[in-house]
Amino acid sequence: MNQKIAQHRHCRSCGKAFVGDGRYCSEECEKGNEETLRKKKRQLLLLYVVSVLIMIGALVVSVM
Ligand SMILES: [Zn+2]
């Protein structure tokens, strides 16, 4: 009874349960998720750069 639960995985992209190896239920999910991750990484980097710029700007203003 537990075997069914133990053997299935959840797709990292769509969250669907599937049987087999890997993190994704299909190649499409794998590609789609990689794309999403790449976009998220870029957004995070942008956010980081912007906050650093704001900090530098505040520092410069407080010094002057
Ligand atoms: Zn999937």
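In this predicted model, R38 is partly exposed, with a relative accessible area of 47%. The side chain of R38 forms a salt bridge with E35, and the closest N and O atoms of the pair are 3.8 Å apart. E35 is likewise partly exposed, at 39% relative accessible area. Both residues belong to helix α2, and because they are three residues apart there, about one helical turn separates them.

The whole structure contains two salt bridges. In the other one, D21 meets R9 at 3.8 Å, N to O. D21 is in the loop between β2 (17-19) and α2, while R9 is in strand β1 (residues 8-10), so this pair ties together parts that lie 12 residues apart in sequence.

| Residue | Relative accessible area | Class |
|---|---|---|
| D21 | 70% | exposed |
| R9 | 37% | partly exposed |
| E35 | 39% | partly exposed |
| R38 | 47% | partly exposed |

E27, E28, E30 and E34 make up a negative patch. Within this group, E28 is located in helix α2, which covers residues 27-63, and is exposed at 70% relative accessibility.

Finally, the cysteines may be considered. The structure has zero disulfides. C11 is buried, with 4% relative accessible area, whereas C14 is partly exposed at 41%.

Notes:
Residues numbered from 1 in each chain as written. Predicted model: local features only at pLDDT ≥ 70, side-chain atom pairs only at ≥ 80, totals over all residues. Heavy atoms only, no water. Disulfide = S-S within 2.5 Å. Buried < 20%, exposed > 50% of the residue type's maximum accessible area, 1.4 Å probe, protein only. Patch = residues over 30% accessible without salt bridge, like charges linked within 9 Å, V, L, I, M, F, W, Y side chains within 5 Å. Areas by Shrake-Rupley, 256 points an atom, 1.4 Å probe, with all protein chains shown as cover. Salt bridge = Lys/Arg side-chain N within 4 Å of Asp/Glu carboxyl O. Lys, Arg positive; Asp, Glu negative; His and termini not counted. Charge placed at Lys NZ, Arg CZ, Asp CG, Glu CD. Helix = DSSP H or I, 4+ residues; strand = E, 2+ residues; numbered from the N terminus.
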